[in-house]
Amino acid sequence: MKINRPPSECIGAEILDVDVVSVMEAEINIIKQLVYDYKLVVFRDQNLNEDQYLEFARKIGTPQIYPQDNYHHPDYPEIFVSSNVPKDGKKFGVRGTGRYWHTDCAFLAEPLPFTMLYPQVLPSSIRETYYIDMQQVYKKLPSKLRSYVDEKYLVHEAKWRYKVQEWDIDRAVIDIMNDFEKKFPPVKHPAIITHPVTHEKILYMNQGFTTGIVGLNYETNQELLQELFSFIECEEHIHTHVWKDGDILLWENRTLNHKASIVPEGEKSVSYRIGLYDGLPFYVSSKRVKEQSEMPTK
Ligand SMILES: [Fe+2]
């Protein structure tokens, strides 16, 4: 296993010369530490079927069964399918997923720590996914913006991103949204989370799912959130992964916001995502970390 680490304060380690089907526990521990340290890991030149892909994912963590089953692979519910290509003449997964800044499942009380992504068909012209390291963003956050989020809680909700399905035809939008909201009610997370392994502080918010700062009215929220997102999404914060055939990506949702590129009209795209729990809390409270670091050492 050959590892290329990124320059300091950059994300993305590259792993070469490994067949992920046969990795052993010692290598898995190294891979997980690379994810915590560099947030994004790319495995090059892989050629796996669905069973092998799932087997590798299970060595890294516990696969999520995504809570909306229209995204599931028909034979492998752990595989979330993003696709604009039918399979066996039937609709396969969901097209055009994640084309806005977000972290996977931020709208759940227990968000998803890791995401693994393995494209099966890459579009011919644009083959990119974009990332922003929110740990670095927090470090660079101007004091005015920091005052908006320090010691605050943020509201996250998925309903504005719901994709209307065939069974919604003839239903009023308000009924569709109310039903969706019953299933996925808004959740609150601290604006600044502390990583359970690195103890780094991270600004945990994204344009896709974060809809408010707790305690503020709608107008003030719109104003402050847009100011924050303009800073977060500026060009210099964006890392672009350019996909090659055979790439598998593994990244951490605690620290990275991400966005899928558009698929130009007429081009095909099929990707297999597996969400993974790493057995750790998504974040620890800053207070607990502070208390631990202040405990007298013997
Ligand atoms: Fe995503």
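Where is the place of Thr 255? Let's start there, everyone, and please keep in mind that this is a predicted model. Thr 255 sits in the loop between strand S14, residues 248–252, and S15. Is Thr 255 buried or exposed? Its relative accessibility is 1%, and buried means under 20%, so Thr 255 counts as buried. Leaving aside residues up to four places away in sequence, Thr 255 touches Lys 39, Ile 132, Asp 133, Met 134, Gln 135, His 195 and Ile 202.

Now let's step along to the metal. Which residues coordinate the iron ion? They are His 102 through NE2, Asp 104 through OD and His 258 through NE2, at 2.1 to 2.2 Å. Written as a sequence pattern, the spacing of these donor residues is H-x1-D-x153-H.

Last stop, the helices. Helix H1, residues 25–38, packs with helix H2, residues 50–60, at an angle of about 75°, and their axes are 9 Å apart. The range 65 to 115 degrees counts as roughly perpendicular, so that is how we describe H1 and H2. Who makes the contact? From H1 we have Ile 28, Ile 31 and Lys 32, and from H2 we have Phe 56, Lys 59 and Ile 60. By type, the residues of this contact are four nonpolar and two charged, with no polar ones.

Notes: Residues are numbered from 1 along each chain as its sequence is written. This is a predicted model: local features need pLDDT of at least 70, side-chain atom pairs count only at pLDDT 80 or more; totals for chains, interfaces and linings use all residues. Side-chain values use heavy atoms; hydrogens and water are left out. Axes are lines fitted to C-alpha atoms, for helices over the stretch in contact, and angles run from 0 to 180 degrees between N-to-C directions. Helices (H or I, at least four residues) and strands (E, at least two) are DSSP runs, numbered from the N terminus. Angles under 35 degrees count as roughly parallel, over 145 as roughly antiparallel, 65 to 115 as roughly perpendicular and the rest as oblique. Contact means heavy atoms within 4.5 Å. Ala, Val, Leu, Ile, Met, Phe, Trp, Tyr, Cys and Pro count as nonpolar, Asp, Glu, Lys and Arg as charged, and the others, Gly among them, as polar. Donors are N, O and S atoms within 2.8 Å of the metal (3.2 Å for Na, K and Ca); water is not among the atoms, so sites may look incomplete. Buried means under 20% relative accessible area, exposed over 50%, partly exposed in between (1.4 Å probe, protein chains only).
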